[in-house]
Amino acid sequence: MVGDAHFPQSAPSSKKSKTKKKKRGGSKKKMTSEQAAAFKYVTEWVYLDQSNSLASSAAASVVDDFGVQKSLGKGGEKVVFELHSHSKFSDGFLTPSKLVERAHGNGVKVLALTDHDTMSGIPEAIEAARRFGIKIIPGVEISTIFSNGGDSESEEPVHILAYYSSCGPAKIEKLEKFLENIREGRFLRAKNMVSKLNELKLPLKWDHVAKITGKGVAPGRLHVARAMVEAGYVENLKQAFSRYLFDGGPAYSMGSEPCAAEAIQLIHDTGGVAVLAHPWALKNPVAIIRRLKDAGLQGLEVYRSDGKLAAYCDLADNYGLLKLGGSDFHGRGGHSESEVGSVNLPVLAMHDFLKAARPIWCSAIRDILERYVEEPSESNLAKITRFGRTRVLKGGSSPSSENDIIDRCLTSWLTNEEKQNAEFEAIRLKLSHISINQEVQVPKTK
């Protein structure tokens, strides 16, 4: 979260219990100049396609006695980031629209949809986000395997989060093929799990798992676990995992996951930021983080809804990695799951993330635009606008050309400074010479 009561800078000192009790919230202090500058930078990006200035908001931000920054965004709203969430397009329980609606109810202003091995839910999420004033970061959580020196016994599953620009990945075909191969492996993996459960005298039916998973969705362990609960073989999801489906468990099975380093390289090649998900779940996190840093890993999840994990913050510092986090929300319900938007993310961490990500994203957007300039086809235009449709103007007018469409997209994706970059100016000049030979579909962005 970036905003009201959501910038924990340090753990409360134990001495506070000995001091005189103060009024709730404590006294207020102004943000440091570094925090104010970071907040201005972050909110500029969050509200990029909205006209109101937020400079005064950053100046008015304060910090209370507990090191908690109270920073308000546009119209006095909290600026909450949620960087790890799932929908029905993988193993979540909510549709992307319902996820966005729930995130909005919790004050989220920036939502990364990071379904397992698919980005199919992103267009629906962006369309829903338009109604609530939420910014969507197109993302994906890629299933991989880490192996130490080819030793099969040291193999363990590792999940890599990829975060992309509003335009989405460059070289989308390459990424989609990569993810499709993983999804095909997930079907085989789930069927193997069902077979193992059958061998354990639990006659679970594959059709039951497939029905829960839904058409066009690659099954995961959670779908198998849900089928087990419905069939009465276990009392709840936690029991399904703790008894049968945990890593290395009696019904666990591997899929056809690529090696983690290969996924990280692909994320780089397609204009994304690569972050290691839930490192605390790994058996040997230090060795994995060290090796993946050498492979190009850029960040590490260190923040959860229960606070900052100091050991992983230290690892991130030691290896020069971004410090991020998210709820990993699936919508399964129950007290054991963190709510969407419940993770406290420091403004300085979000500033560092965007400072690292935005040049990468700008480069990806430029590559996609140059591809269209070289071949101004409808298919290449669709790659620019595939994650949403641009809004029709209030007066009822629509974009009259491809150039107009692209210009509106860039307005919501790039700052004025980024758009005035010499390379983007050159692309805009080339675009102005492209004639309209056929009617094009009008995109709508958030």
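This is a predicted model: local features need pLDDT of at least 70, side-chain atom pairs count only at pLDDT 80 or more; totals for chains, interfaces and linings use all residues.

1. The largest pocket has a volume of about 1,400 Å³, and its lining is made up of 41 residues, with Phe 241, His 278, Asp 328, His 330 and Arg 332 lying nearest its centre.

2. By class, that pocket lining divides into 11 nonpolar, 15 polar and 15 charged residues. At least two lining residues of the largest pocket come from each of several elements, among them strand E7 (156–163), helix H5 (172–199) and helix H8 (237–245).

3. The structure also holds 3 cavities of 30 Å³ or more, and the second largest cavity contains about 90 Å³ of space. Of the 16 residues lining the second largest cavity, Trp 45, Ser 165, Ser 166, Trp 361 and Trp 413 are the closest to its centre, while strand E6 (135–146), helix H12 (347–374) and helix H14 (402–413) are the elements that give two or more residues to this lining.

4. The lining of the second largest cavity comprises 10 nonpolar, 3 polar and 3 charged residues.

5. Is Ala 260 buried or exposed? Ala 260, which belongs to helix H9 (residues 260–269), counts as buried because its relative accessibility is 1%, and the cut-off for buried is under 20%.

6. Leaving aside neighbours within four places in sequence, Ala 260 is in contact with Thr 144, Ile 145, Val 158 and Leu 292. The C-alpha atoms of Ala 260 and Pro 157 are separated by 8.8 Å, although these residues are 103 residues apart along the chain.

Note on methods
Residues are numbered from 1 along each chain as its sequence is written. Side-chain values use heavy atoms; hydrogens and water are left out. On a 1 Å grid over the protein atoms alone, a cavity is a set of points where a 1.4 Å probe fits but cannot get out, and a pocket is an open set with protein on both sides within 12 Å along at least five of seven lines; lining residues have an atom within 4 Å of a point. Grid points are joined across faces, edges and corners, and a volume is the space filled by probe spheres set on the points. Helices (H or I, at least four residues) and strands (E, at least two) are DSSP runs, numbered from the N terminus. Ala, Val, Leu, Ile, Met, Phe, Trp, Tyr, Cys and Pro count as nonpolar, Asp, Glu, Lys and Arg as charged, and the others, Gly among them, as polar. Buried means under 20% relative accessible area, exposed over 50%, partly exposed in between (1.4 Å probe, protein chains only). Contact means heavy atoms within 4.5 Å.
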